Amino acid sequence: MAVEYEILSEPPSSIDEKSLNKTLEFIEEMTKNTDSVQEKVLAEILAQNGETEYLKQFGLNGATDRESFKSKVPVVTYDDLLPYIQRIANGDLSPILSSHPISEFLTSSGTSAGERKLMPTIHQEMDRRQLLYSLLMPVMNQYVPNLDKGKALQFLFIKAETKTPSGLVARPVLTAYYKSEQFKKRPYDPYNVLTSPNEAILCPDSFQSMYTQMLCGLIMRHEVLRVGAVFASGLLRAIKFLQQNWAELAHDISTGTLNPKITDPAIKECMSKILKPDPELASFITKECSGGNMERIIPRIWPNTKYLEVIVTGAMAQYIPTLDYYSGNLPKPCTMYASSECYFGLNLKPMTEPNEVSYTIMPNMGYFEFLPHDDSSPITLSHDSPPPKLVDLADVEIGKSYELIISTYSGLCRYRVGDILQVTGFHNADPQFKFVRRKNVLLSIDSDKTDESELQKAIENASELLKEFKTSVVEYTSFADTSSIPGHYVIYWELLMKDSSNPPSDEVLNQCCLVMEESLNTVYRQGRVADNSIGPLEIRVVKNGTFEELMDYAISRGASINQYKVPRCVSFKPIMELLDSRVVSFHFSPSAPHWTPERRR
């Protein structure tokens, strides 16, 4: 029997077993009827926005069917839409992309494809995002029971927003969500009780926000059932903050007085009701943190933690060893898949290992198409050629890779997000996808092209040599150094040494360079061996804390603390100067990697 849900269902106003089951039924209904839901979503989008300037130019003439849409509307990139977006940003109120007024712009991550993009959105999209959030805990509750018996310590932050010339707000999607009425006036949900007060989350000063959130997390340490941040890097930053500021935090807890560095009036008022003298807790924190041993610090401080709630897929996978060190190998479920352009779906098996995570795209969130992707024979899209044949959500094939193309209620039509996904299976009639990477090449010296996933794998392989020295790579970035002939890859490493008395030798680090080269593709290795067009790969080890400085620099220039990701390739001169000023040792591949014409990877 069909469950009576509209495509955009109202999130439950209260959470109990009945509403949890109803939410799970909604997921089942959507995923059993993937194609019909998608058809309805497209019809709604075209009916809503068919009279916009953008869509009218393609001669749909009121048509809302797939065939007309696919045959007449082109596949586009951000650059194609930029003239329209700039007009909206400059104050043109005519229906350009959406028939509904653009409420604000959502800014993409500052390090995604090297530029901050403006994504127009409408008020109704906030409800759609809130709906996806409401699906997460009913799914998680199936795997981790009793999450309603405690709280979540999640380090959440906003960024000070900017405005376009027309006065429209431009801010990251999470800032928009945390500042929305849907978040600030959210109904009580026992599965989503945060230790952090809204006043701390909404404080634009990142130090005051982090300090207050950490302080509340320490005060409520026995109530905490899960610890997290948006990205793995954000949680590691929080642990580093604890390591650097535990003495002041312990003083506040011991005396019941708030650090004078906290000047935000709203925080001071709310903390006056939370912070009480607790010398015993302060003594415990001092005992755990004063020795400098941060191994398993998360379960030591928060003993009831069941899992870490962070994104560890894609480029974030490189943080897994460090998270394991701090958490004692706690599970790291990845719960949802979203971007500034659209919220896509969720992980229906959240407790799977990070390298096995697959996301189920919810068919009611937007209209989704898929461009078949093959690294060996990429498809070139031309404005002079007819739109390419894209595959519908329900028709993708297991094992194949695709580039994600979206159409949204906010006015994006057949827009290339830039994500490469691989189909791993189906839940009912709805496909499940593994996030592979962003469709961007990181490094290139000659005809070689190295992407993020390939570089990540090379670093993982090289890191194996460090294990016997109890050392791991905690952060990295790279650049293509063409200042000499031939050019070569430079990889910056920040290392975590658990045993400083037995560090890896220069010879071992030189071998790490060679292992990385052996892991790279045949075009790269041919350039090294046969063509002599690429020089030996170089690793530059930097001082501990260098990447914290890099993040601070990015935030000082306007990056969002929530959305910040370490750039995996750098070229901006001030960043290069910062990195090079922190280098403590240089290492080069001692020989050329193996390559023959017959070897193919």
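Helices (H or I, at least four residues) and strands (E, at least two) are DSSP runs, numbered from the N terminus. Everything here is a predicted model, where local features need pLDDT of at least 70 and side-chain atom pairs count only at pLDDT 80 or more, while totals for chains, interfaces and linings use all residues. Residues are numbered from 1 along each chain as its sequence is written, and side-chain values use heavy atoms, with hydrogens and water left out.

**Stop 1: a loop serine.** Select Ser410, in the loop between β13 (401-407) and β14 (415-427). Is Ser410 buried or exposed? Buried means under 20% relative accessible area, exposed over 50%, and partly exposed in between (1.4 Å probe, protein chains only). Ser410 has 4% relative accessibility, so it counts as buried. Now show its contacts (heavy atoms within 4.5 Å). Leaving out residues up to four places away in sequence, Ser410 touches Leu97, Ser98, Ile102, Pro120, Thr121, Ile122 and Glu125.

**Stop 2: the cores.** A nonpolar core is a set of buried Ala, Val, Leu, Ile, Met, Phe, Trp, Tyr and Cys residues joined through side-chain atoms within 4.5 Å. The largest one has 149 residues, and Ile298, Phe368, Phe370 and Leu404 have the most contacts inside it. Helix α11 (residues 232-255) gives the largest share of this core, 11 residues. Apart from that core lies another, of 26 residues, with Ile445, Leu509, Leu520 and Leu537 among them. Back to Leu404: beyond four places away in sequence, its contacts include Tyr337, Phe344, Ile361, Phe368 and Phe370.

Stop 3: Two packed helices are described by the angle between their axes and the distance between the axes. Axes are lines fitted to C-alpha atoms, for helices over the stretch in contact, and angles run from 0 to 180 degrees between N-to-C directions. Under 35 degrees counts as roughly parallel, over 145 as roughly antiparallel, 65 to 115 as roughly perpendicular and the rest as oblique. Pick helix α10 (residues 206-219) and helix α12 (residues 265-274): their angle is about 10°, with axes 12 Å apart. The pair is therefore roughly parallel. Gln208, Thr212, Leu215, Cys216 and Ile219 of α10 meet Ile267, Met271 and Ile274 of α12.

**Stop 4: α19 and α20.** Finish on helix α19 (residues 546-556) and helix α20 (residues 573-581), packed at about 160° with axes 10 Å apart. These two are therefore roughly antiparallel. From α19, select Thr546, Phe547, Glu549, Leu550 and Tyr553; they meet Pro574, Ile575, Leu578 and Leu579 in α20.
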